[in-house]
Amino acid sequence: MEETDREAVATAVQRVAGMLQRPDQLDKVEQYRRREARKKASVEARLKAAIQSQLDGVRTGLSQLHNALNDVKDIQQSLIDVNKDWRQSINTIENLKDVKDAVVQHSQLAAAVENLKNIFSVPEIVREAQDLIEQGELLQAHRKLMDLECSRDNLMYEQYRMDSKNTHDMNLIHTYFGDMQKLSEELAKQLWMVVQRSLVTVRRDPTLLVSVVRIIEREEKIDRRMIDRKKQTGFIPPGRPKKWKEKMFNILERTVSTRIEGTQADTRESDKMWLVRHLEIIRKYVLDDLLVAKTLLDQCFPLHYDIFKKLLSMYHQALSIRMQELASEDLEANEIVSLLTWVLNTYKSTEMMGNSELSPEVDVNCLNLLISQNVVDQLLSKYMSTLTSNIIGWLRKALETDKKDWVKETEPEADQDGYYQTTLPAIVFQMFEQNLQVAAQISEDLKTKVLLLCLQQMNSFLTRYKDEAQLYKEEHLKNRQYPQCYVQYMIAVINNCQTFKESIISLKRKYLKIEMEDTLSSSHTNMDVILDIIAKEGCSSLLDEVFMDLETMTIEAHRRVVVEYIRAIMLKRISFKNAEERKEGAERMIKEAEQFRFLFKKLAAGSGEDTEGLCGIIEAIAEVIKLTDPSLLYLEVSTLVSKYPDIRDDHIAALLTVRGDASRDMKQTIIETLDQGPSQPNPNYVPIFKEIAVPTLTVPKLLK
């Protein structure tokens, strides 16, 4: 208390100090004092009221405890009196056993009397109920069935109470009501037919479906009542519980499964698009059924049935089983794509479960995968394996088709700018595009994998493309006349390299995420290198072609120069008057032959051209002209003829005329002698004099 007082004083001091911080506040001291006095009086009044209330409560509590104590004492005394009376009446109760048996018998007789009408009219009621079932009056038929069952169950129950071990009487009752069991089965059969066609019935005759649900609800109540009585008495009628509600859901589940399975109308053998058609029919049927279930069927069942949610679960389970079955089949690559696209995308799209009319009852985010992730991975693995084989085959076929074009006698096509090209790049990248678009329908991850696969196979393909272009060149070199459009197709191959580069960049930009660029940089660089090699080797091949054509032209030019040079000599464009001029002219011819030889070797370096033989002809002619002893002229001319067997008499005559010192008789003698000699031409000699035409200078034979 002292500590409390001290705290109160300290608080009061702080409070007063807060009020009197300025001199002008001293004038309000009296006002502050009166206000605090009022507050004090108010607090004291509340304290007094609270204490008084507590005292009243304590007083009331004590009074109630006192009364309770008196009541307990009275009850204790009453229990003692009851116990005393009970002990005294035990003998009396045992003497009432006969009365008890009489009561039971009376109860049985009362039940028999109460059901007597139904007992005697069982066959008639059964017939009436059957007629009602045939007429579709299921509610009335069920009412009669319930009356019969109630009579039988009451009789059996009374028999059970009297003698539970008397099976003979029980069987007698059961046999008497045997037709009733058949009636129940027949009614159930009609109910299940309606349940099986519930989605159709609810559109045409919803009242019939409502009647079926009401009958099932009645049976559920009877089942519960019978089960409760069994817990109390141990007795339950035969055939109970019927569990018709459980059977109804089982039938609905089987109906859903049958509806899903029955949508496959074709097989792979009859229709390549069988799976696409099958999945589309499933999509349409499931969506239509669920829309009907939500808008119509849900109104025919009690709320606690939650029929739409249960049907949704049934359809999902049936679809899952069906998709698992399809996934286990030996599907082709396009069928795997169709299945995964449907399972991963279509199922939750607005075309099916994501339809706005099913919202909010259907939340696609809460729907599980129709097939496990493990199965999805297996299908994707199989798809990638099959796709790899297909791409390799497609690329090989595309290259083989392109190679067939290389040997055509018609030029390749040209683009809008006039550049030669083949269809190979377009075919290859159109195939890549198609597969990437298909993969994108399934998932982003698969699209990336397919792109990586395409670029990987493109890398290998370009290596084969390079090898085939090299073989194309080598085959052409074996016979440069074939193929006819070699140059044009080699240009197309070179242009294709640029098209491939641009297409690769476009494909990556369209289908590859930016963060994945680094993973393909080395592969892309390698493809660029291969394409550069193909283009470079192609250009080199074209240059070789040009140079070989130039070499051919050079050989002809060399030959033409020699032919024209010799023709000029034979046509006497130069003539000699004496031996000195012949010597100077011959030496000049030899010098010019050396110059020709040097020039020809420079121009025909590496071509294998026989420049030596061409220039040797000029030198051989120069030796004939240079000869100073006419007696040896025949020998020199014969040597010339033996080296160049295509030389004619006209050529010899013209050559001797050029010398200027051969008489008419000498010319005639030399020509006649040479005509009589054998001719053994060199097999490697290429005729040249046949290209040189000179005027006929044959000297007529002299008369004797």
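There are 24 salt bridges in this structure, a salt bridge being a side-chain nitrogen of Lys or Arg within 4 Å of a carboxyl oxygen of Asp or Glu. This is a predicted model, so local features need pLDDT of at least 70 and side-chain atom pairs count only at pLDDT 80 or more, while totals for chains, interfaces and linings use all residues. Residues are numbered from 1 along each chain as its sequence is written, and side-chain values use heavy atoms, with hydrogens and water left out.

**Salt bridges within helices**

Helices here are DSSP runs of H or I with at least four residues, numbered from the N terminus. Buried means under 20% relative accessible area, exposed means over 50%, and partly exposed is in between (1.4 Å probe, protein chains only).

- In helix H15 (residues 373–406), Glu 400 and Lys 403 sit three residues apart, so about one helical turn separates them. Their side chains meet in a salt bridge at 3.5 Å, N to O.
- Both partners count as partly exposed: Glu 400 has 36% relative accessibility, and Lys 403 has 22%.
- Helix H17 (residues 444–478) holds Asp 445 and Lys 449, four residues apart, or about one turn of the helix. The closest N and O atoms of their salt bridge are 3.5 Å apart.
- Asp 445 is partly exposed at 48% relative accessible area, and Lys 449 is partly exposed at 40%.
- Over in helix H20 (residues 579–603), Arg 588 and Glu 592 are also four residues apart, about one turn of the helix. They pair up in a salt bridge whose closest N and O atoms are 3.3 Å apart.
- What about cover for this pair? Glu 592 counts as buried at 19% relative accessibility, whereas Arg 588 is exposed at 58%.
- Elsewhere, salt bridges with shared partners tie Glu 149, Glu 219, Asp 223, Arg 240 and Lys 242 into one network.

- Helix H5 (residues 122–134) has 13 residues, which at 1.5 Å a residue should span 18 Å; its end C-alpha atoms are 18 Å apart, so the two agree. The expected span is 1.5 Å times one less than the number of residues.
- Val 122, Ile 125, Val 126, Ala 129, Leu 132 and Ile 133 are the buried residues of H5. They cover an arc of only 125° around the axis, so they lie on the same side of H5; that arc is taken from the directions from the helix axis to the C-beta atoms.
- Arg 127 and Glu 134 are exposed, on the face of H5 turned away from its buried side.
- After H5 comes Gly 136, with a positive phi near 85°.

**Buried residues and their contacts**

Contact means heavy atoms within 4.5 Å.

- Ile 566 sits in helix H19 (residues 517–570) and counts as buried at 0% relative accessibility.
- Leaving out residues up to four places away in sequence, Ile 566 touches Ile 617, Ile 621, Phe 689 and Ile 692.
- Thr 201, in helix H9 (residues 198–204), counts as buried at 10% relative accessibility.
- With residues up to four places away in sequence not counted, Thr 201 touches Val 194, Pro 206, Leu 208 and Leu 209.

Terms used. Helix = DSSP H or I, 4+ residues; strand = E, 2+ residues; numbered from the N terminus.
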